[in-house]
Amino acid sequence: MTSLLYLLPLIPLVPFLMAAVNGLLLGRRAEASGKRGVIQALAIGAVAFSFLLSLSAVIALKTTDLAAFEKSLPDHSSLHVYPEQQRVVYSPSSWMGSLTSGGVNPDGDSTWGFMLDPLSAVMLLFVTFIGTLIHIFSVRYMEDDAGHYKFFSYLNLFMGSMLILILGSSLGVLFVGWEGVGVCSYLLIGFYTDRIFDEKTGMTCSDAGRKAFITNRIGDLMFASGVLILLANAGTFGFAALEAWVHHGHAAAMPHGLLVAAVLLMFGGATAKSAQIPLYVWLPDAMAGPTPVSALIHAATMVTAGIYMLVRMNFLSALVPEALAVVALVGACTALFAATMGLVANDIKKVLAYSTVSQLGYMFLGVGVGAPASGLFHVFTHAFFKALMFLGAGAVIYSLHHVQDIRYMGQLRKKLPTIHWTFLAGVVAIAGIMPFAGFWSKDEILWQALSNGFFKGVTLHGFPTTGFFGALLGWINGHTLAWVGPTVYAIGLIGACITPFYMGRLYALVFHNSDRTGDAPAHDAHADEHAVHADAHGHDAHGHDAHAAHDDHAHEIKEPDGFILWPLRILAIGALFSGLIGMGLFPKLNLWEHWLAPILESGEHTTALRLGGHAALHNPVLEWVLAIISSFAIGLGFLYLAWKVYGVKTNIPERAAAKFPRLYQLLVDKWSIDELYAFLFIRPFYALCRVAFGFDKTFVDGAVNGAAKTTLFSSFASSFFDKIVVDGAGVNGTGWVVRKLSAVNGRWQSGQVQRYATGFVLGILALLALVWINQAL
Amino acid sequence: MMSHYLSLLVFFPLIGAVLILFMPKEQTGFIRKFATGWAAIELLLTIPLLMTLIHPILPQIVPEIGMQEGMRFYFVEHGDWIPSLGVSYIMGVDATSILLILLTQLISLIALASSWTAVHEREKEYYTWLLLLHAGMVGVFCALDMFLFYVFWEVMLVPMYFLIGIWGGEKRLYSAIKFFLYTLAGSVLMLVAILAIYFRTSLPGSGAEAGLHTFNYFHWLAQIPFMHFSGSALVWLFTAFAIAFAIKVPMFPVHTWLPDAHTDAPTAGSVILAGVLLKMGCYGFLRFNLPFFPTATVALLPVLLGLCIIGIIYGALCAMVQTDWKRLVAYSSVSHMGFVMLGIFSLNLIGMKGGVLQMINHGISTGALFLLVGIVYEQRHTRALSEYGGLSAQIPNFAMIFMIMTMSSIGLPLLNGFAGEFPILAGAFQMNSEFTTLFGVPYLLPILSVTGVVLGAAYMLWLYQRTMFGKITNEKNRTLKDLNRREWAYLLPLVILAFYIGIFPNRIFTFIEKDVAANVLRYTDTAMKEFPTTSAQREMKLAAEHPAGAPAVAGEGAPALVTAPAAPVETAPTAH
């Protein structure tokens, strides 16, 4: 069984290889000859293989006696075993060698490797499992689109990158996956390269992709900076070595402010990847991509990478609770803020996108209040119910022939019964109705925030008191942070009220209310785009057929086949019941906590030391009962409210909008954050670029051209001088001039080359000065 | 035993150039095939150099030309040239030059292959100049005698001048003259500095020539620390060399020749400029500036680092607003070369190995980007970005290669750009805190350099989107043809290399590490330790307490490398 652990690299490698086969070698030819099945089989096979291999590897990890296994390994094995953390690292080779001047990696060769431990195991399993389902879903959903091979190749590329991110044994390998998923996200958001995404602003799908990539790059700037600061101070960025470094107390020896800065910078990277304030702006526009992509990348897997990274770094961040306070506050604010935008959005996918941003906020909230297991649990359950709802939305869009606006849906529960009940499962899960998944994870986070006392006794200190920033930050020194827990709880609770409401609204408008499917404007822009798209890639008749069929059956709505329905059914079961493995109410039955305990021990130990041994919560039952009551009240109450407003056609929404026109408009405009960023950053940035280039042309290059002109002028002048003055004045004056000049020159012609050099440089400087004056005039 | 291997490498293209001169100029088809074939043979001749990458060979120490223990050069050959002036013929390579020569051979061959359909006038001259240029470039990377180096350095200028001036774009004369004068101005400064040092050197030994001046690189290395130059004189000498090399790199603010030269050069010229010529500046810093003047380097380090950072950001900002495809790539070069120089000036092993690798990477990715521009330019005769758009539907293979090279250029992991950039940044973050702290904010300087990565993504992706995505709006683009076999043949090696270096960088890193530590870092490390700042002293103290942490490289011979350069045979040579 243990030999399976040597196969860890295959988990990301197989999807990569299939991506190459589909994307570079076979794909276009297979598609041109109508053999799409080959492409699909290869792509799905790769991911399914990764899932099965992951499952076997995890079983191998759990069934092996690691301590004994470690002893059985030869001295220079490429497999490293850490029995305490139940961790295995397989590093087949050193990818980049050492990145510190010390030359030797303190942790042997395990920096560049693949690491399997309980944390990567859960990520691995749900990512490959959901990934496989979404690949299957895509077969039917993408059938009308040209560039099939490209789509599946990108999807596999994404899976490979995501698996590298998860399996990476160091921040360096994690960063490889981190960047990789960013690129795949870019490619897939912009998959429809010739479509307009947003009619109002004229944003194309390519624009949306680019926006996502560059926003993520800004995050990467912060993430890389944090990682490299850590590397410069710790001498390694391997997880195992870093943990040892912290364990031996070296991290405490590092300037505290620098450690805070490093963790915050890494969190800054997470705000981009996981769509938090202030860098969340790319995610709503990421809905320009095909719906399976939104489900896989922009809901279930990639966007949770930031939380995964923070949970992974928990052993370090536990040292800096003040940084975690920032994480919790940002998470809570995002959870609430994004939920408000979800209230008024009309695009079915955008509602889900805002919901995703909001739920990600809860995950950060959990990590921020020192409850990484709860935060990650929400990642896990959310992956199921959000993937389910996105695929459900995709199924609706597919059945309605590319209508995404919920104003043109309604009463679909009879025509699309399976999609209806699976979507409903997602709604009750996210609304936090006991005993479904969202309840166990989200309410646990809120409960932890309220009661775990993580910030007890945390004071801000270590900020510089001198220098420019010292003056700014010095006053915070000594202030306590105990207020953070209850505050984020309160914010989170308000968000938890909004969540069931906008989800209820979405559900009611799509599946109940009145049937408005015929109300769509006759000239459906999307359908048009679609037709043009098929024309542009006109090499397969399939596109035309589909288009023709589209016209015929424009109003015939029927449920799609098993490729779409089976993933929904399976995910629905997950959404309903995946919460049962982590019931915080019954600590003995809380498999989740037990599973992750070896990984989170170090951080908990740090926290326990800080809190004087009282990290464990004293009386969970009382708060839990309260949580159940509030959850029922909030979840059911607001679902009911949404039902009242949207279940049948009423004029309440219009009246509410008319009563608070400004607020309504603000929400519709998404708080005008995009416009604000354009005003504050993007336009000034382009102005700066123009200024820089203008400076280059006028001054830097101008100096050069000026020098050239001056030289030309002086050569004319000297020839003029030669003809008129020298010839004119004759030889008489010459002797005198030469004598005078040589007296001056003699001093310079000392034979010392340094003096020549000085003269040369002075001459050039004088020339430049002349030119500059010339320019200035 | 002396081999003439490097001489063969240098002069083989020259023979080809001479042979072309004897061919009738009407036989253009034969001439271009001959030139390309000749360069292909030259590439095959490089196999022994490539083998050193796979099977490391022992460095050669030739004591009679003044090589010290611990230096790492291979294929050394030496002989007299003009003994009365102290001019000798010394050639030798280390890892840096081997990699650069390999790059030169490949880029040169590709440049020749890319010219077949691009150049239709005066082809005989064109291919002669290209082969001549090839010889000059290889020579620059081999020469270990200052006179010889200077000769190659200048020789290489002339062919490029004619390539731009005769076969270039609209403003070709302006750009050619600008390129020539700019480089010449730097070269003249360097010449002055070379002479200033030359007159203080003396040949060691007891023979008839003992005491004469010499241009021998190894004698210079040994004697410069004992020449009694004042601190400021060293700074001036450093500056003279540095300006010459900085113009070539190019570093801000002497970069303005580059956009013009790149834009107006024929495709082959741009590819060679970006691929090889820019690297000569970096190579000059590594080979001459840093080992000759380590103390001046450290003293001027804040300025140099500042120029790197400005170059990285400024080049990227300018690239953002370009409307000319080639000029955009040219400005991106300014930004990327800033990264290379940042790696070199980080003066630690990580940064430097990244810097050396990034030279190669830049040659590959920017070279490929210029080739790609050349392919569409050949068919449409315009470089204006507004003329293009939606090309990915028309020429999908082209779009695919362009995407890969764009990703390589913006430093995507598992492609070559990242393998160079990441160690450079890691090296920059590991510099002493007095160099990385700006305005009182620790690590601000390297963080600023990371913004170059963000900006790089911004302008490259926008370029890609403007040219490749969307619908075809300009009907003329519907006639564009996708890559033909010849184009595939010369692009594919670059694509494969981009992936290979990205996935297996460590083989090249281990190859670079020892040589850079032995030939560059041991000089700068000494200077760094003597640099009178509190944190440097703190590091010294740390090093004394933990001697195990001191060696610069793992593996054999490491401790010996960090010792001070050995004393010269004769101290305090008398010049005047």
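**View 1. Helices α15(B) and α18(B) are roughly antiparallel to each other because their axes cross at roughly 150°**. Antiparallel here means an angle over 145 degrees. The helices span residues 349–380 and residues 416–429 of chain B, and their axes come within 7 Å. Axes are lines fitted to C-alpha atoms, for helices over the stretch in contact, and angles run from 0 to 180 degrees between N-to-C directions. Helices are DSSP runs (H or I, at least four residues), numbered from the N terminus. The crossing is left-handed (near helix turned anticlockwise from the far one by less than a right angle; clockwise is right-handed). Residues of α15(B) in the contact include B:Gly351, B:Gly354 and B:Gly355; among those of α18(B) are B:Gly417, B:Gly420 and B:Gly427. Contact means heavy atoms within 4.5 Å. The residues divide into seven nonpolar, nine polar and one charged (nonpolar: Ala, Val, Leu, Ile, Met, Phe, Trp, Tyr, Cys and Pro; charged: Asp, Glu, Lys and Arg; polar: the others, Gly among them).

This is a predicted model: local features need pLDDT of at least 70, side-chain atom pairs count only at pLDDT 80 or more, and totals for chains, interfaces and linings use all residues. Residues are numbered from 1 along each chain as its sequence is written, chains are lettered from A and ligands numbered from 1 in the order in which they are written, and side-chain values use heavy atoms, with hydrogens and water left out.

**View 2. Helix α13(B) meets helix α20(B)**. The axes of α13 (residues 294–320) and α20 (residues 444–468) of chain B come within 9 Å and cross at roughly 20°. That makes the pair roughly parallel, a term for angles under 35 degrees. The crossing is left-handed. B:Ile309, B:Ile312 and B:Ile313 are among the α13(B) residues in the contact, and α20(B) contributes residues including B:Leu455, B:Tyr459 and B:Trp462. By class, there are 14 nonpolar, three polar and no charged residues.

**View 3. Helix α12(B) passes α14(B) in a right-handed crossing**. The contact includes B:Cys282, B:Phe285 and B:Leu286 of α12(B) and B:Met337, B:Met341 and B:Phe345 of α14(B). It has 10 nonpolar, three polar and two charged residues.

**View 4. Chain A is in contact with chain B**. The contact involves 63 residues of chain A and 74 residues of chain B. The chains bury about 5,800 Å² between them, 72% of it on carbon and sulfur atoms (accessible area, 1.4 Å probe, lost on being put together, summed over both). In chain A, A:Trp95, A:Met96 and A:Arg217 lose the most area to chain B.

**View 5. A:Asp701 forms a salt bridge with B:Lys178**. The closest N and O atoms are 2.5 Å apart. The count between chain A and chain B is one salt bridge (side-chain nitrogen of Lys or Arg within 4 Å of a carboxyl oxygen of Asp or Glu).

Methods. Helices (H or I, at least four residues) and strands (E, at least two) are DSSP runs, numbered from the N terminus. Buried area is the accessible area (1.4 Å probe) that two parts lose on being put together, summed over both. Angles under 35 degrees count as roughly parallel, over 145 as roughly antiparallel, 65 to 115 as roughly perpendicular and the rest as oblique.
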